[in-house]
Amino acid sequence: MSTFIKDFIEREKVSRRNFLLASAYGISGAAALKMFGPSPVQAATHDDPAIAWSYRNRTNPYWNEIVSGGEAFVESLGKSKDALVHLINEGSSEKSLADVKALMAKESGKVALAIDTNDAPNCRPVVEAVAAAGGYVSTIWNKTDDLHPWDFGDNYVSHMTWSDEKPAEQTARILLDAIGGKGGVVHLGGIASNNPAIERLQGLKNALKDYPDVELLDAQPADWDTQKANQIMSSFITRYGDEISGVHCANDTIGYGVLEALRAEGMDIPIVTYDGNPQAVDLVREGRILATVFTNPHWGGGVTASLAYHAATGAFKPSEEPNEHREFYGPTIMVTPQDAADFKAKYLENVPTYDWKDFWGPSNGQIQYK
Amino acid sequence: MNNWLTRDNLIRWAPLLVLLALICLFALIEPRFFSVRNAARIAIASTPALMVAIGVTFIIIMGSIDLSMEGTVSVCAVIFAFAFIALGGTLASFAWLALPLALLVGAAVGLLNGLIHVRFKIPSFMCSLAIGFVGTGFALLLTGGDRVRVEDELFRSLLTIRFLNFPIMVYVALACLVLAWFIQSHTKLGRNFYAIGGGEELATSSGLNVGRVRALAFMLAGMFYAIGALLAVGRIGIAETATGNNFMFVSITAVVVGGTALWGGIGGVWNTLVGVLIVNVINNGMVVIGLPNFVQDAVLGILVITAVVLSTNRKTVAFVK
Amino acid sequence: MSMERIKPHFPWITLIVLGTLVGIANPSFFNPAGLVSLTADVVPLFIMALGMTFAIYIGGIDLSVQQLANMVTVIATVYLAQFGIAVAVICIAAGFLIGAISGYATTRLYVPSFVSTLAMGFVALSVAKYLSGQRALYMDAELRNASFGWMFDNTAGVPHELIIAAVLLLLAWFLQTRTSFGRSLKAVGAGELAAVASGLNVNRIKILAFAISGGFAGIAGLIFSVKLSGGDANLANGFLLLAIVAVLVGGTPLTGGVGGVLNTAIGTLIVMVIRAAMVYLEVAATQQQMIFGIILIIAIGLTIDRTKLRIVK
Amino acid sequence: MYALRKIDKVFPGVKALSAVDLDIGRGEIIGLVGENGAGKSTLMKVIYGAYQPDSGSIEIDGQTVRFSNPRQAMHHGIGMVFQEQSLITNLTVMENIFLGYEQQFVRYGIIDWKAMAEAAKAQLAKVKLAIDPSAITSSLSFAQRQLVELAKVLTLEERVDGDLVILLDEPTSVLAREEVELLFSIVRDLRNRASFIFVSHRMEEVLEISDRIYVMKDGEVVDVVSRDVADIDAIQHKMVGREIDKEYYREQLQKAYSDQAPLLSLEDVSVSGRFSNVSFDLHAGEVLCLVGTEGSGREAILRTIFGMEHPTSGQLSVRGKPVARFSPQAAVAAGIGYTPRERKVEGIVAGMNVFENMTLSQLGNYSRAGVLNVSGERATARQWIERLAIKTPSEHKDCGGLSGGNQQKVVLAKWRSGGSDILLLDHPTRGLDIGAKEDVYDMIREMSDAGVGIILVADTLEEAIGLAHTIIVLKDGVAQQRFDGFLTQKPSLYDLLHHMI
């Protein structure tokens, strides 16, 4: 698989500032733990923990893919897929935390939890609550930089995120090449404070450095929302009209809104998106989207649940694993018109059967902080 | 005839004046705002919201409120899309039956809302809020979270085919607006909304079956939400649980900004048209003139308050809540 | 006759019945530690609903509370380093001020509170976006623990969060029932014109009610921010409708003058039980929202005291 | 023609009607009088179908009928003209007239506005009202609205074949004398088509228009008298069941007021569009009546003194100090109390109990640093409940559930207990029965003795003459004439009317 970009992430050196911050937390974090949870040594394992996935909503195809992975993992254990507990936060950090606590109370902490905490600040209380109850948690996406699994012994099993900056830069390069290296582009982003939204915009900016003749006309958050993206795009068309020669979107759902806005105007300019949803992959195949980036949510959903589950059963001991196995990047696969059909056949039409115990095989190296 | 410039007249026309002032303001800052193409863009963005706002206008005229629109729109959109695809996937086949089906679904949800409100005497605010949750939940149950694409070129011609620079969906919306105006001013039901808004107890003692009128009003509103749902699907070609998102506050804000009073009895669908345009002109204009994202919300908020202040006749209102 | 007597007690009866049903279906619901933890988590929502009660009690509504809380999470996070625990004062004052502006728009400019608070909420959101630079911010752990760590301690097994909530409830209850301000609120809610004709400064009372609602939203935002140890312009999303629901389910209808802060305490607990029931009864993910809505209709149908509603709008 | 036979109606704990018999002949006008709580309104509700009797029968032309709602009663020709504002003000006149019966103008789902306007014109002609049927109702005067109300009921003529029975509930309460005359002449003209039941507290009017008068007391008809033999005193005796004080207005208790420094003085005060250049002084113990027709500026003057309207020119002084800030708060602080005409809306707060209502205007007196002294409030309330003989089970009773007279007493107690010594009374006896009226008169005298200055807008001219020390007659916002020296000689009704019209 040529597009399987395994090692495009440049390992940067930990900046001095972050190193200091991290070690400072190491001290206060230990103090905090005394307050909030059992000490790591006492972590008990559970024979048959409840497996739960906590995520944003069911209206976004991305989360559906995540869930399908979680369900596939549960089925691989010989259970019915109904055995997976769903906690949906509807975009509310408050509900996210409350549901987790309710689950911990209900199962007396015998829980293997996979979660996206909706907002980075929410990650700490969630992890603390799970650790205090003696459960096991693996997180994805949202986490503040000062929070690390290894500060919680075994209970905070792992954190996986996707380094979006590089893939977003790659899609940007594809876009910029397609418009011939000159003209203007606009960016429609996600919810402005979300980490992926920030990284994906940064990727575009990085790429632009090499294209002095291309101007970033405007960047506005479209909150991951198709309808909002649609309206913002039509306003962009009014403001910049023919100056827009390409559109960089922070995810597929934004891309759909942009495509429809262009369609209403009878315009046809190149766009690139992110996430690699089936619908977007089809559009890539048709050539209406130049590129999207597949983050393999199915695998991510399965392996995150698997990590928490196997740590909870004691199959492996997280605290004995190196840091690169506790905080790591998920896989990213570029999807372009040339390989879209291949890709679709391999990943979407026949979902591969993954070895859920190969936790780190497809992953992409330890998370680096700037 | 030189006394048309009275205070009362000014207040009555204030929403329209606000709209014109906003257009002039944005056009002055960014001349490209003032173009037929952009007018069409604003019109496209406005149509689904206009339909939803018209629906809730009837309810607000009665002095009630309806917060169920987000759920209703989602349910209608999703059922429409499923039926449309199941029946052939193009308007040229029996799939056109999905259009009346969506209207029926809207009417059914609205009627359910109205009946619970009337029969169990639950204030409309609470009842419709809960029905909204049920609606969104039901849409989610149906889709399981997936989005349904409606790709039929014929159906999408709502957006893609233009006539005098405006896509067909804008004319559909205008036709519905005229229909709504007709219901409002030339039918018994429409006039009864005003009677209830003007004095519910008096209307009851005049022999009006207020409960029935209320239930019908919610049903009618539901049908307009369904039209809104169809246009929303027509605009982006996707039906999903999130299709109804954001309609609640936008539509009610638009109704109030247009000069229809929340306490009932005053206003109408033309006011709502102006209100929807004000809100969408602001949204479009702020991006067009390049206002930084983080101030856009505040500007919208302040302009909304200003518009309401200008169109309220403080002499005739004792107090507001 | 007997029905009339029982009616006002329906909210807490509903709460007990719901709780018992969940407990019967899954006895682990009654685990005291779990219950305490569940209750402690609903504290920020409760405080917001408590403030909202004042706005609804005078017959208005406050739709700005969620955005105020968003703004406050950012303020708290940004200024914690500079002001330490005094940042609490800034947070509450900011909420109070924006609430007061909404109140001013409602009373003096005759903008219905539904619109004025919604619009002021947008203003607060802008402030939050501006201050946060549109990023998620987090607090320095040491500073946070030094200034606000006490909030999440517990004494004899009772989390301090619950104590804060109880103190605020007591304060709000005292305000409502034992002060001339509370009496004036009731008069404004039940008969605004008569309150005017009795020489009450109705405008000031209404502005104050919205300001208090904003102030409580500020406290809710602050506690939430400290709890999550960070802030951003969307952190408190999802609070608004639940806070309204908590007030309404408690039996304070939107018509004003009826109900009160104790009802809101019960209403918040009902919301908590319904929500926990989703987890305890393992309701399928795709059905949760629909079932929440249905239970909500039933709960509201049971808890509102219709005898005091002349016409139902 | 129309008859009630042995009608009983029981509410939980109360027997509202017992064995009521009532007959109405074709074209007859009968009067229905009784104190508040005598069962008049229950009886009317039974007649127009809002209540169903527990036993007994309703007969029309000898046939027993049963109505389960007002609409069914309308189909049998029974219509009700409600008190004053029962038209929906944001609708047009014609829509009000045909509200609920629009169907006849609907063609293919569309309302034919022209046809409705024509039909409305015909109805308005019946009551001799020449207004545009498409006018918005809020632009009409109260008297016009009352006639529209009657025209609305008269649509029954076209809809029903048989005879009509029309109930008039206090139709004259907002009308000036000449408007009452007009109404009566229209009613008399309509006798060939309809019978009327006329309900009013104004005994003279009842006597003037009715052929027979039904007197009710405690849910029973205690007497039926025909006009020829009717005598006000006798009827009132029957209504009250006791001898009415000959000195109805407590004139024997009237004393001179001190002409020391005035409590309140107005110098050339004007509010544009309401009244202009009004001047007078109010002294301690004085009862000053403002007399005039509806819209003559009486209420506006009261509301200006109370700070609810702002004078456009002139000066208002309280105890010699010019008033700078006009607001109800400032007025209450200056010792002014206001008893509004709309008792249920502005007088009391329904939903709050007796003691809460009583202390509403003076929370400062019962609180320290904003904290209420509830036991102090309750003590005061109990004291005033006893002093004014307010009929309530306790001070915790919801004021909305009290009778009109007792509500009014609570309002007066509110101001008296707060120590207000300037009282503005706007129709304080409106809608009260005789017993309650007498209580109010007693209180006015007592307050006058205690040195309270009172400005009164009375329900009737007789009341004004009976109670006042001073009368100022207003017309179109201008003071026409002042009458003084009432202790020696009182003006006659004619004197006042002469200046009013």
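Colleague: What conventions apply here?

Modeller: Residues count from 1 along each chain as its sequence is written, chains are lettered from A and ligands numbered from 1 in the order in which they are written. The model is predicted, so local features need pLDDT of at least 70 and side-chain atom pairs count only at pLDDT 80 or more, while totals for chains, interfaces and linings use all residues.

Colleague: What is the mean pLDDT of chain A?

Modeller: First the term: pLDDT is the predictor's confidence in each residue, from 0 to 100. For chain A the mean is 85, and 88% of its residues reach 70 or more. Over residues 1-42 of chain A the pLDDT is below 50, and beyond near neighbours in sequence this stretch has 50 contacts in the model; two residues are in contact if their C-beta atoms, placed from the backbone, lie within 7 Å. Where pLDDT is low, the predicted coordinates should not be read in detail.

Colleague: Which chains have the most contacts between them?

Modeller: Among the 5 pairs of chains that touch, chains B and C have the most contacts. Chain A and chain D are joined by no contact, and their closest C-alpha atoms lie 36 Å apart.

Colleague: How many residues does the contact of chain D with chain B take?

Modeller: Chain D gives 19 residues and chain B gives 16 residues. On the side of chain D that touches chain B, helix H2 (70-75) and strand S8 (110-111) of chain D each supply at least two residues, and H2(D) gives the most, with 3 residues. Helices (H or I, at least four residues) and strands (E, at least two) are DSSP runs, numbered from the N terminus. That side of chain D divides into 10 nonpolar, 6 polar and 3 charged residues.

Colleague: Which domains does chain D have?

Modeller: Domain bounds come from an automatic or database domain assignment. For chain D it gives domain 1 (2-240), domain 2 (251-335 + 421-500) and domain 3 (352-413). The centres of domain 1 and domain 2 of chain D, taken over C-alpha atoms, are 34 Å apart. Their contact takes 10 residues from domain 1 of chain D and 9 residues from domain 2 of chain D. Helix H9 (residues 232-240) of chain D provides the largest share of the domain 1 side, 3 residues.

Colleague: With which strands does S13(D) pair?

Modeller: Two strands pair if DSSP finds at least two bridges between them. Strand S13 (residues 264-271) of chain D pairs with strand S14 (residues 275-282) of chain D in the antiparallel sense over 5 bridges. D:Val269 has D:Val278 in S14(D) as its bridge partner. The hairpin of S13(D) and S14(D) has 3 residues between the strands, and D:Gly273 takes a positive phi near 85 degrees there. S13(D) also pairs with strand S16 (residues 313-318) of chain D, antiparallel over 5 bridges, and D:Leu264 stands opposite D:Val318 in S16(D).

Colleague: Is D:His427 buried or exposed?

Modeller: A residue is buried if 20 or more other C-beta atoms lie within 10 Å of its own, exposed if 12 or fewer, and partly exposed in between, with C-beta atoms placed from the backbone. D:His427 is buried because 22 other C-beta atoms lie within 10 Å. Most residues other than glycine have a negative phi. D:His427 is not a glycine, yet has a positive phi of about 45 degrees.

Key: Nonpolar A, V, L, I, M, F, W, Y, C, P; charged D, E, K, R; others polar.
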